[in-house]
Structures are given as structure tokens and as C-alpha cells.
Amino acid sequence: MVTASTAKNLIEAHIRTTTPIEVPIIQAIGAYLASHIFAPIDIPSFDNSAMDGYGFRFADLEKYDSFQVIGEVPAGKTTDFSLAAGEAIRIFTGARVPNGVDTIVIQEKITRNGDTITFDKAEVKYGANIRKKGEQTEKGSLAIHENTPINAGTISFLASLGIDKLTVFSKPRIGLLYTGDELVELGTPLEDGKIYNSNSYTLQAALAEIHQELAVVEHIADTQEATETAIRKALQEVDILLLSGGISTGDYDFVRSALQNIGVKEVFYKIQQKPGKPLYFGTLGDKRIFALPGNPASVFTSFHIYVKPFILGCYGRNNFQSEMDYAFITHDSEKKKAEITFYMKGYVDKMKVMALPSQESYKLDSLPVCNCFIEFPANEEKIANGQKVKIWRI
């Protein structure tokens with residue numbers, strides 16, 4: 001049995017990023033960049049007006065109290081205007097600044113009479129309201145680092161650079177085998193002694209939240225032969241295999257022995273934690289295997305604390321524990337076994353966190369409002385109201 005911190009370190013040590021692929025930019029949402037991106041152009045790509053207004057030569061303010069408007073420059077149009085002394089040009093937001101114009105006064109600050117404008121010269125500063133070429137991003141500069149997550153903001157920035165394709169880490173192929181002869185599928189009448197299958201839906205939904213999906217999903221019978229056959233087949237098709245149930249030491253728990261027979265190398269089995277003590281992690285070549293307990297809350301907790309960070313690490317995220325944060329707990333808490341780490345279902349808001357009811361590993365009624373796990377560290381028996389605690393955001 002290992003500690004929770006040791007389990008995290010062992011899992012992180014086995015992260016291997018997936019193969020980079022090139023995809024259209026809009027299909028990259030949720031992925032991670034597999035290479036640095038250098039700016040192919042300057043942004044802005046030309047000097048342009050930041051506001052609707054009038055452009056002129058700042059030096060003319062010493063001699064002129066009014067300016068003659070000789071034309072206009074809409075956005076998207078090029079001009080060959082050449083301003084003479086005392087002249088100005090009407091210009092619109094985003095329009096290219098003509099040669100000779102070095103300052104723009106916004107339209108709200110001027111008085112126009114025909115083609116003559118006047119304004120308070122004391123309010124105008126040299127270079128005002130002009131976005132200079134390359135002011136945001138210079139051509140050839142590092143625009144975005146490798147491993148950056150691609151969200152709407154990332155796509156907005158890259159599209160402005162004219163980039164239409166991205167090299168990202170490919171999605172790992174993930175499989176799920178779930179055990180339990182007592183399980184029935186949704187939409188099926190519930191017989192006495194049976195329970196509805198929730199774990200496969202939990203994991204599929206949690207994977208969807210991180211833009212992943214299952215390549216294999218199968219309910220396997222509680223027999224040694226069925227378990228071993230299903231695992232062998234799944235490992236031929238996936239990079240990461242998740243198993244739910246069958247990993248404890250009961251008479252109908254065959255997952256661990258099946259993994260041993262197949263030749264999977266056990267990295268660890270069992271963690272000093274609650275919930276999710278009988279968590280298993282192993283490898284077979286470049287395959288990674290997580291065997292999760294069967295209790296639904298244990299599955300939910302184990303996925304978010306261990307499996308999700310691992311999958312995202314393979315997908316290109318370079319911070320294995322980025323969900324970790326801190327908050328101040330709103331009540332006293334105690335635990336019976338000081339030596340274990342207890343991940344309590346919690347709700348955090350504005351840096352204050354409360355433990356939710358129904359902390360038992362088979363209870364799910366608090367999950368709809370659960371947005372974090374409160375880490376009750378090993379070797380601590382009490383947490384006091386107002387104490388700063390480590391949380392893991394969901």
C-alpha cells in the first residue's frame with residue numbers, strides 16, 4: 001500500500017505524450033499544442049487607427065489652430081494621401097494610417113464646420129490613438145508555447161495571425177471495462193438484488209468534460225475467463241485501459257489476477273486513502289492500466305484525483321496537478337484513521353470550502369453540487385474551522 005502522494009508521483013512518472021498530429025484550427029479545441037508557434041506576421045500588420053477620428057501631423061499644432069480635411073480613409077482601404085501643412089484626414093477604426101499622419105484626435109473631441117476642424121490642442125498627445133505595426137506581436141516572435149491548452153481565447157489569437165492548422169497531441173485511445181453481475185443498464189426494469197450501472201456513465205461523462213471519449217466500453221461477467229479475455233482484447237485496441245470494479249479481494253473479484261496472468265506490471269495496488277483504497281495502476285509495454293474500485297463515489301474521486309491528470313498529461317498538459325488549489329474550510333472536521341488521506345466531497349466558493357454530506361463511498365447524492373475535493377492529509381486527525389486546506393477542483 002502506498003501513500004496518496006507516492007501514488008501521484010508514480011503515476012506522473014509514467015506519463016508519455018501521444019503522437020503529434022495536424023488538425024484544422026477549429027477542431028483543436030480542448031487539445032494541447034505539440035510545438036511552439038512563432039508569429040508569421042506582425043500584429044498589427046500595419047499602423048492603424050484605434051478610434052474613429054482625424055489624423056494629422058503633431059508638429060502642425062505649433063502653427064495651426066484649425067485643419068482642413070482633405071479626404072477620408074475607411075477600414076480596409078489603402079490610400080496615397082500626402083498631407084500638406086495644416087491638413088487632416090478623416091479616418092476610421094482599423095484603417096491604415098497614411099504616411100505623414102502621426103497623431104489622431106477622436107471625433108468626439110473635434111468641432112467640424114464644413115471641411116474645417118478645430119479642437120483643444122492641450123488635450124492631444126503625440127502618437128495618440130495609433131496602433132503601431134507589431135505593437136502586440138512581432139513577426140518571428142514566440143506567440144504561444146508548446147503544451148498550451150487550446151480554448152476559444154487561444155483560437156482567437158491564432159486566427160488573428162492567419163494560422164489555420166495546428167499541430168497538437170493526438171487523443172489517447174481509452175477503453176473501459178466494468179464488472180459486476182449485479183449491474184443492469186439504464187432503461188431496463190430493476191430486479192430485486194440488482195442496481196443500475198452508473199460507473200460507466202460517470203466515466204464517459206467525466207471524459208467528455210476533458211474532450212475525450214471511449215474507444216472501447218464493455219460490461220464483463222464476474223468470471224476469471226471473461227475478465228482475462230476482455231482485458232487481453234481491450235489492450236490490443238487502447239493506450240489507456242480503465243477498469244471499474246473487481247479489484248478488491250472478494251471471491252468474485254478477478255481483475256488483479258487477470259492482469260497478473262496477462263503480464264501487466266503492477267506499479268502499485270492500494271492507496272492509504274478514503275475513498276478508493278483498492279486503486280490499482282500498472283503497465284504493459286506502453287499501455288497504462290487503471291483499475292478503479294466499484295463503489296460509485298470511489299470511481300468519481302479516483303478519476304479526478306489520479307486518472308484525469310494522467311490522461312491530460314499524455315494529451316500534452318505539462319502541469320500534472322493543476323487542479324490543486326487552497327481554500328479556508330468553514331467548519332471543524334475529524335477522521336478516525338489518522339494515517340489515511342481522506343478526500344472529502346466539497347463545495348468551494350470565493351476561497352471558502354465546506355464538506356458536503358454523504359461522504360460514504362457508495363453515496364452520490366452530493367455529487368450534483370460537488371465542485372472540489374478537500375484533502376484531509378494523512379497523519380492529521382482534525383481540521384479546524386477557518387484552517388487553510390488543500391483542495392482539488394473538479
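Two strands are said to pair if DSSP finds at least two bridges between them, and it is in this sense that strands are described as paired in the legends below, which refer to a predicted model.

**Figure 1. Strand 17 beside strand 21.** In this close-up, strand 17 (240–244) and strand 21 (287–292) run parallel and are joined by 5 bridges. Within this pair of strands, L243 stands opposite A291, a residue of strand 21.

**Figure 2. Helix 3 and its buried face.** Helix 3 covers residues 199–209, and its buried residues are N199, S200, T202, L203, A206 and L207. Seen down the helix axis, these buried residues fall within an arc of 160°, so they line one face of helix 3. As a general point, an α-helix has 3.6 residues a turn, so residues three or four places apart point the same way. The buried residues of helix 3 pack against several elements, including strand 13 (174–179), strand 16 (214–220) and helix 6 (296–314). After helix 3 comes H211, which has a positive phi, near 65°.

**Figure 3. The surroundings of T137.** This residue belongs to the loop between strand 10 (130–131) and strand 11 (142–144). With a relative accessible area of 7%, T137 counts as buried, because that value is under the cut-off of 20%. The side chains of T137 and Q136 are joined by a polar contact of 2.9 Å. When residues up to four places away in sequence are not counted, T137 touches A39, I41, D42, I43 and F157.

**Figure 4. The whole chain, for orientation.** The protein has 6 helices and 28 strands. Its radius of gyration is 31 Å, well over the 21 Å that the globule rule gives for 394 residues, so the protein is more spread out than a compact globule. Along the principal axes, the C-alpha trace spans about 95 × 50 × 40 Å, and 46% of the 394 residues count as buried.

Methods
Residues numbered from 1 in each chain as written. Predicted model: local features only at pLDDT ≥ 70, side-chain atom pairs only at ≥ 80, totals over all residues. Heavy atoms only, no water. Helix = DSSP H or I, 4+ residues; strand = E, 2+ residues; numbered from the N terminus. Buried < 20%, exposed > 50% of the residue type's maximum accessible area, 1.4 Å probe, protein only. Polar contact = N/O pair within 3.5 Å; in protein donor to acceptor, adjacent residues only side chain to side chain. Contact = heavy atoms within 4.5 Å. Arc of directions from axis to C-beta. Rg over C-alpha atoms; globule rule 2.2 N^0.38 Å.
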